[in-house]
Amino acid sequence: MKKKISRIMLLIVISTLLFLNTGFAQTTLEMTLNGSDNNAQGANVSPVTVIFLKDALNINAGTVFTYDTPELTSTISFRSQQYSTTLTNTTNVVQGMTFGGRTTESFGGSGGPTNPQQIGSAFLYNVFGAEITVPKPKNGMFVTSPTASPVAPTDALGNTTSGLFSGMDVQAITNATGPDGQDANFGVALYNTVEPLYDINASKSGRYYYGELVINFNRPVKNPIIHVGGLGGSYNYQPLAGGARQISYFTTELELVNTGVTSTFMAGNPFFNVSGNNILNSSATPNGGSYEDGSTSEGFSNYGAASGSVRINGTAQQIVYKVYLRGSANSDFNFSKVKADITSANRDPFNGDLWYLAVSLDKPTQQISGNVFVDRDGLNDAGGGNINKSAGLDNPKTNVGGALYANLLNSAGLVVASTPVSSDGTYLFDAVPVGAYSVQLTTNASSGTYATPLAAP
């Protein structure tokens, strides 16, 4: 009798050999202005795709960003949205998580409360932190290279005492010489609105699951660094009856879904808290400012955002974070207020947390990477012979519960390297010498090396 596993599962490996530059100093691949930009304004949920460029000099003035070959891209998207809200006096529905949205304070124009409520517009992809109106993230809060040493958190003023490091340039440089005339680091602008929580009178001190943020690369990557800027926001108003200004605090937080990887704090401000695989804001009064600028013009400080870098230790082609919106017991009200509670009769604010996401990683010298799929139709696919699809649908990736290994075989069929297949079905061999290779899919790891090859199991 045929064994069941042979009947129901045909496992196929797709491998890619990347011949990249060798013999040069380590180069980081970063997100900056490039030909894939999606700079249209306005809140939407369409995926944003960016191309990674080479930054050989990191944050030094005069840095030249150049295109890399083969091209590394990433598509950032949302899934499993849990909340939405309808704008007042409209039929327009806004999802809880959007790209390119931002807080607005009024209807705008004449007509007072009969005007439609608005969500503000931001660039979907821009200089990192550009749309944040309070103290923006500083270079010292970030480290771009995964092989760099982590640095101590910055102080309240956003300054680091760690000396030189591989940081991000989050400022626009006017004499830029990049391929599109810009060499500052860019990021995707995300906005999590708190209006749905106001709609259901959610507790101001609660923490609410909004959905998932998906970062999908066009090939497996090793030890990518995730940069976030400005996790945190607030809304305040002057009551009609006078008295103290009222304020509501809230912040976005992220929990990593991927298994088989770990997270390492690389740099950040005092509120950037890496707890296990989660990115949290440790402020009891989260707000939009990434450092203390001393401004208390409205009776409180804007300081309270979490900004920093975290390294994902391992190999993955897709990184998924669960997105949460946390309030604060120190808030004076539940997330938002309507015009009846605010000084001007035509104000109906749209509130939320505007923050930024970027990714960087070291450019590898030479890699072999690939994916393991469950080929559900045994390569038939109506004659198409597709491995990653069956009947037009994507085949799932697998490591069969952690049981699979990829062994790299030299031209003599001997094992020279072995690696477990990741939980998302990807594998990667790094720093591979030039040669001819094949990949063996097996349940048996090997201790074979390039210096001492062993017979394949």
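A residue is called buried under 20% relative accessible area, exposed over 50%, and partly exposed in between, with a 1.4 Å probe and protein chains only. The model toured here is predicted: local features need pLDDT of at least 70, side-chain atom pairs count only at pLDDT 80 or more, and totals for chains, interfaces and linings use all residues. Residues are numbered from 1 along each chain as its sequence is written, and side-chain values use heavy atoms, with hydrogens and water left out.

Select F128 to begin. Its relative accessible area is 2%, so F128 is buried.

(Rings of Phe, Tyr and Trp, the last by its six-membered ring, pair if their centres lie within 6.5 Å; planes under 30 degrees apart are stacked, over 60 edge-to-face, and the rest tilted.) F128 belongs to the loop between β11 and β12 and Y356 to strand β22 (residues 352-362), so the pair ties together parts 228 residues apart in sequence. Strands are DSSP runs of E with at least two residues, numbered from the N terminus.

Next, display F142: F128, F142 and Y356 form one aromatic cluster.

The structure holds 13 aromatic pairs. Another to select is Y125 with F186, tilted at 5.4 Å centre to centre and 45° between the planes. Both Y125 and F186 are buried.

Finally, turn to K138, which lies over the face of Y291 at 4.3 Å from the ring centre. A charge sits over a ring if NZ of Lys or CZ of Arg is within 6 Å of the ring centre and within 35 degrees of the ring normal.

Methods: Helix = DSSP H or I, 4+ residues; strand = E, 2+ residues; numbered from the N terminus.
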